[in-house]
Amino acid sequence: MKMLLSTSSSSTVPLLVSFFIIIIILCSTEALVKLQDNESIPAVIVFGDSIVDPGNNNNLVTVAKCNYPPYGRDFTGEIPTGRFSNGKIPSDFIVEELGIKKLLPAYLDPNLQPTDLLTGVSFASGASGYDPQTSKIVSAYSLSDQMEMFKEYRGKLKGLVGEERTSTIISQSIIFVVQGSNDITTTYFVLRKWQNDFASYADFLVTSASSFVKELYALGARRVAVFSAPPLGCLPSQRTIAGGVHRECVENYNEAAKLFNVKLSSQLNFLNNKFPLAKFVYVDIYNPLLDIIRNPQKSGFEVVNKGCCGTGLIEVSLLCNGYNPFTCDDAKKYVFWDSYHPTERAYKIIIREVIQRYVDGFF
């Protein structure tokens, strides 16, 4: 991109930018959800953890990456892109539902094109969290690291389309923040449980989330969606670790997630009152996923208590690999791909419901 800009004259750059924008408009996907009249969403920008990491961790020295088989088994071309699933992840379905593009790329993807910046990227890093300690455990990109990437992204965007258009893109885009799961399951229940009661820790996480959202606002964001924590006690790995002989859902983990969600929702309401020109939307993914787990037959699932990869009891990341002989043949029957992450099919069902329920709240 730097070579492109440096070798072009100042009069040529606007023509190139216009060409890029025209190509994007012509090639954009058809929105599956109808927006209000005269409203638009030029881009989707994502911060978060492995649920929305399309491969930013690929070149990190960390166990929290999955750019190898059988991850990506059902992705186009059967390519393990670094997405923590058998195929697409929520950020991909979000941009597809909104008619922006087919996939949301990783900001650190070496093949990222200038045109990708105009319609959004993901800064998410698997194993990160609101708690700075969470990212340090496995050397993931922290939320502060992701914020620095965002600032760099804004600079690149400004170089492409100018200050005014950049401000418009940032303010009209929907920015998603997906964090909290690793903080609760790993940092709290493994490391901090003996130091704090969970209510105090939840307050700490929500304060971190609030500070992050306010910094986004200061940088021009006006539409921010913050995901709730899912029913963590029903993840296959947590059933195995703390669900007893029968691997039941771990109720104290679910109760922790619900308490965090209540506090997070309340804080976002407070921010909406404080910043009336912005829309901070709390997105409940706890109940949609729990409903699938409790009523799998409604969506055609058969297995809810273990993942498809390996035995499905504990495998995630490095343990979910091409040498494991127990991986299932048909992931469509499973709610979970590995012991921590849902399958592409489960994600698609959840995100379609989420977009239809919440998209009007940004206008």
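Student: In which sense does helix 8 pass helix 10, right-handed or left-handed?

Tutor: The crossing of helix 8 with helix 10 is right-handed. Keep in mind that this is a predicted model.

Student: At what angle do the axes cross, and within what distance do they come?

Tutor: The axes of helix 8 (residues 198-218) and helix 10 (residues 251-274) cross at roughly 35° and come within 9 Å.

Student: Which residues make the contact?

Tutor: From helix 8 they are Phe-198, Ala-199, Ala-202, Asp-203, Leu-205, Val-206, Ala-209, Ser-210, Val-213 and Lys-214. Helix 10 contributes Ala-256, Leu-259, Phe-260, Lys-263, Leu-264, Gln-267 and Leu-271.

Student: How many of those are nonpolar, polar and charged?

Tutor: The contact of helix 8 with helix 10 has 12 nonpolar residues, 2 polar ones and 3 charged ones.

Student: What span does helix 10 reach, and what is expected?

Tutor: Helix 10 reaches 35 Å from its first C-alpha to its last, over 24 residues. That is close to the 34 Å expected at 1.5 Å a residue.

Student: Which of its residues are buried?

Tutor: In helix 10 the buried residues are Tyr-253, Asn-254, Ala-256, Ala-257, Phe-260, Asn-261, Leu-264, Leu-268 and Leu-271.

Student: And what covers them?

Tutor: The cover over the buried residues of helix 10 includes helix 8, along with helix 7 (181-192), helix 9 (236-242) and helix 11 (286-294). Strand 3 (223-227) and strand 4 (279-283) are also part of that cover.

Student: How many bridges join strand 1 to strand 2?

Tutor: Strand 1 and strand 2 (residues 174-178) run parallel and are joined by 5 bridges. As an example from this pair, Gly-48 stands opposite Val-178 in strand 2.

Student: What about strand 3 and its partners?

Tutor: Strand 2 and strand 3 pair over 3 bridges, in the parallel sense. Ile-175 has Val-224 in strand 3 as its bridge partner. On the strand 4 side, strand 3 pairs over 5 bridges, again parallel. There Val-224 has Phe-280 in strand 4 as its bridge partner.

Student: Is strand 3 buried or exposed?

Tutor: Strand 3 is mostly covered, with 5 of its 5 residues buried. Arg-223, Ala-225 and Phe-227 are buried on one side, and Val-224 and Val-226 are buried on the other.

Student: Pick a residue in strand 2 for me. What does Phe-176 touch?

Tutor: Phe-176 lies in strand 2. Leaving out residues up to four places away in sequence, Phe-176 touches Val-44, Ile-45, Val-46, Phe-47, Ile-94, Ala-225 and Phe-227.

Student: How far apart are Phe-176 and Val-52, in sequence and in space?

Tutor: Phe-176 and Val-52 are 124 residues apart in sequence, while their C-alpha atoms are 9.4 Å apart in space.

Student: Switching to the backbone. Which peptide bond is cis?

Tutor: The bond from Pro-69 to Pro-70 is cis, with omega near 5°. Pro-70 is placed in the loop between strand 1 and helix 3 (90-97).

Student: What is the phi of Ser-139?

Tutor: Ser-139 is not a glycine, yet its phi is positive, about 60°. It sits in the loop between helix 5 (132-137) and helix 6 (143-172). Ser-139 is partly exposed, at 42% relative accessible area.

Student: And Ser-317, buried or exposed?

Tutor: Ser-317 counts as buried, at 9% relative accessibility. Its phi is also positive, near 55°. Ser-317 is in the loop between strand 5 (303-307) and strand 6 (334-336).

Student: Back to the whole chain. How many helices and strands are there?

Tutor: The chain has 12 helices and 6 strands. Of its 363 residues, 56% are buried.

Key: Residues are numbered from 1 along each chain as its sequence is written. This is a predicted model: local features need pLDDT of at least 70, side-chain atom pairs count only at pLDDT 80 or more; totals for chains, interfaces and linings use all residues. Side-chain values use heavy atoms; hydrogens and water are left out. Axes are lines fitted to C-alpha atoms, for helices over the stretch in contact, and angles run from 0 to 180 degrees between N-to-C directions. Helices (H or I, at least four residues) and strands (E, at least two) are DSSP runs, numbered from the N terminus. A crossing is left-handed if the near helix is turned anticlockwise from the far one by less than a right angle, and right-handed if clockwise. Contact means heavy atoms within 4.5 Å. Ala, Val, Leu, Ile, Met, Phe, Trp, Tyr, Cys and Pro count as nonpolar, Asp, Glu, Lys and Arg as charged, and the others, Gly among them, as polar. The expected span of a helix is 1.5 Å times one less than its number of residues. Buried means under 20% relative accessible area, exposed over 50%, partly exposed in between (1.4 Å probe, protein chains only). Two strands pair if DSSP finds at least two bridges between them.
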